[in-house]
Amino acid sequence: MLQSYFKLAVKVLLRRKFFTFISLFAVSATLLVLLVAAAMLDGVFGPRAPEIRSDRTLGAYLMSMSGPDRTRTAFPGFAFLDQQARNLPGVERMTVFSVPSSVASYPDGRKVSSFLKRTDGDYWKVLDFTFLEGGPYSAEDDVSGNSVAVINATTRRRFFGEASALGKTLEADGQSFRVVGVVPDVPFVRVAPFADIWVPIGTARTSGFRHDLVGEYMALFLASDRSALPGIRAAFQERLRNTPLPDPKMYDTLHGGADSLFDSAARILLTDRFEDSRPERLRALLLGLAVAFMLLPALNLANINLSRILERSSEIGVRKAFGASARTLVGQFLVENVVLTLVGAALGLVFAAATLAAINRSGLIPYAQFTVSLRVFAWAVGMALFFGILSGVLPAWRMSRMHAVQALRGSSL
Amino acid sequence: MSSMIYLQDVTKVYRTERIETVALENVNLDIAAGEFVSIMGPSGCGKSTLLNLIGLLDAPSSGTVSIAGHTLDSRLDGRRGRSDSELARLRNQSIGFVFQQFHLIGDLSVVDNVEVPLLYRRLGGRERRLRALAALERVGLQSRAQHYPGQLSGGQQQRAAIARAMVGNPRLLLADEPTGNLDSAMGDEIMGILESLNRDETTIVMVTHDPRMAERTHRTVRMFDGRQVH
């Protein structure tokens, strides 16, 4: 039966090419926008190398200090992470690293701007970078303040052309570093792994940051397994509560959390002082936006479908006469509409892939690598099915309610 | 001989907010299995309404309709819930329809059109196709199986419609002016096929304006102003 519906659906689409074009345009344009948005969200939050263990990784990305009169929002400080957040139960390994800062270099008299990140040695063990050359620096390099660096492929090209960079020296932020490793470019939107140049924290020229409760650092916590995550979150909150504050009259509470990146985004976007993370609300909000965005074109398509049905009253009458129940007819029409939306989704996918490739090439977002991944593809199919049902269910219901005798006479719904 | 169709005191009234139109009034009809009955009468006399009630496409306002041993009355409204599925199944299993306008689906090939009633039965695609081709062979249209209705003459389209009506081996075939849109030669051809089906024990009720066609049936029911004349 499905095969018959499918054949008919294709023929109906081919019969009225203009209607079909309008319908496909509406579906593919809607899904193009949603797919690009989904691919970008996936590019920011989805698991991908070098964050391949994101299912058991939490991060401390943002914090706030609040008092009776004021609130200060910033990245966590090195002192808090190093002195208060270490040795959380269930954490297999922890890394502390700075927010990337923009630094200038002048190789051969040219100005090269790069993002430099200072990390500890465990950074390379929590994240799973693939090394194109050499390897990471170690915890000893960090403790000793050895001037070594890992750079990405683009930085290697900018400084050293196509030659090997290992053992060579580059100047950044007024310091010299010996290159010990080269890794592939990581997209700008990946908060934890992104940088052009990575150097040990111990090479920092000042030590003031070592006393900051909030500042310019972040941390990742790699749990021994997923079941340890709730315990780590709770222990982190306890550490926040028990952290002594230097001037309680000004600031008396620390807010923040050990979160997944998405949970952290929910904490940042949906609460004033990061006191609570409501990822389910952010998911509902995103889904609500997607549905709202689909609603208008879906209603348009439903309208087009209704006028198409009027042309098919004879067919509906015949099918009813020969044994199609109202439910069967609803099923048939929904299949037809889903076929249309899946064709639209396929077009939307192609357009989305081209748009994402253009965004990646444009350089607007450094090292952007947005792609239509399997997750995004599955999301696209889900959205198309939802769209197809949303725009098909009302016309299908109206069609199924047509009286067989009136339908055979060709009268209206 | 057992009754295939039994109508008792059947009345059909169409109501709008202002007007009440009596389409059928106290119709009593008993048609035995294997009969070939024609219904005649002037336009608007209720012939098609009667055929729609017999075909379970409409429900009586009052009275009882019994088709192939299944009794329905005015309470059973095809627009509601479970009864819609029941009526659909009954139509699918027991009744075939032939319309004056053929009502073939233009987007489907002839053989796909003939398969339509079988889509609502639990049959595999191959079985459906074999039965549809056999039905087309019976009406002499097997060579046109892959054509589309628009490529056929009126007579051929009606033969395809008859193949569709008989593909599910219904015990009852209802034909609403099957020769009304055809010239006399093609009308005779269609009538020949219907007679052949009747010889194979299919009960046939045919609405017609053509006395020549009515003469070829076992008996004629005459209608006037919604009433059975004799």
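Figure 1. Just after H10(A), A:Gly323 adopts a positive phi of about 115°. Helices (H or I, at least four residues) and strands (E, at least two) are DSSP runs, numbered from the N terminus. The model is predicted: local features need pLDDT of at least 70, side-chain atom pairs count only at pLDDT 80 or more, and totals for chains, interfaces and linings use all residues. Residues are numbered from 1 along each chain as its sequence is written, with chains lettered from A and ligands numbered from 1 in the order in which they are written. Eight of the nine residues of H10(A) are buried, so the helix is largely enclosed by the rest of the structure. Among them are A:Glu315, A:Arg319 and A:Lys320. A residue is buried if 20 or more other C-beta atoms lie within 10 Å of its own, exposed if 12 or fewer, and partly exposed in between; C-beta atoms are placed from the backbone.

**Figure 2. The contact between chains A and B.** Here 23 residues of chain A are in contact with 22 residues of chain B. Contact means that C-beta atoms, placed from the backbone, lie within 7 Å. On the chain A side, H1 (2–15), H10 (313–321), H11 (326–362) and H13 (404–409) each supply at least two residues. That side has eleven nonpolar, seven polar and five charged residues. Ala, Val, Leu, Ile, Met, Phe, Trp, Tyr, Cys and Pro count as nonpolar, Asp, Glu, Lys and Arg as charged, and the others, Gly among them, as polar.

**Figure 3. H2 against H11 in chain A.** The axes of H2(A) (residues 17–45) and H11(A) come within 7 Å and cross at roughly 45°. H2(A) is therefore oblique to H11(A). Axes are lines fitted to C-alpha atoms, for helices over the stretch in contact, and angles run from 0 to 180 degrees between N-to-C directions. Under 35 degrees counts as roughly parallel, over 145 as roughly antiparallel, 65 to 115 as roughly perpendicular and the rest as oblique. By class, this contact has 15 nonpolar, six polar and no charged residues.

**Figure 4. A:Leu35 in the largest nonpolar core.** This core has 113 residues, of which A:Leu35 and B:Ala163 touch the most other members. H11(A) gives the most to the core, with twelve residues. Not counting residues up to four places away in sequence, A:Leu35 touches A:Gly348, A:Leu349, A:Ala352, A:Val372, A:Val376 and A:Ala380. A second, separate core of 55 residues includes A:Phe78 and A:Tyr251. A nonpolar core is a set of buried Ala, Val, Leu, Ile, Met, Phe, Trp, Tyr and Cys residues joined through C-beta atoms within 7 Å.

Figure 5. A cis peptide bond, with omega about 5°, joins A:Ala49 and A:Pro50. A:Pro50 lies in the loop between H2 and strand E1 (57–60) of chain A. A:Tyr367 has a positive phi, near 55°. A:Tyr367 sits between H11 and H12 (374–400) of chain A and is partly exposed, with 18 other C-beta atoms within 10 Å. Phi of B:Glu177 is also positive, near 45°. B:Glu177 belongs to the loop between strand E7 (172–176) and helix H6 (184–199) of chain B. B:Glu177 is buried, with 21 other C-beta atoms within 10 Å.

Methods
Contact = placed C-beta atoms within 7 Å.
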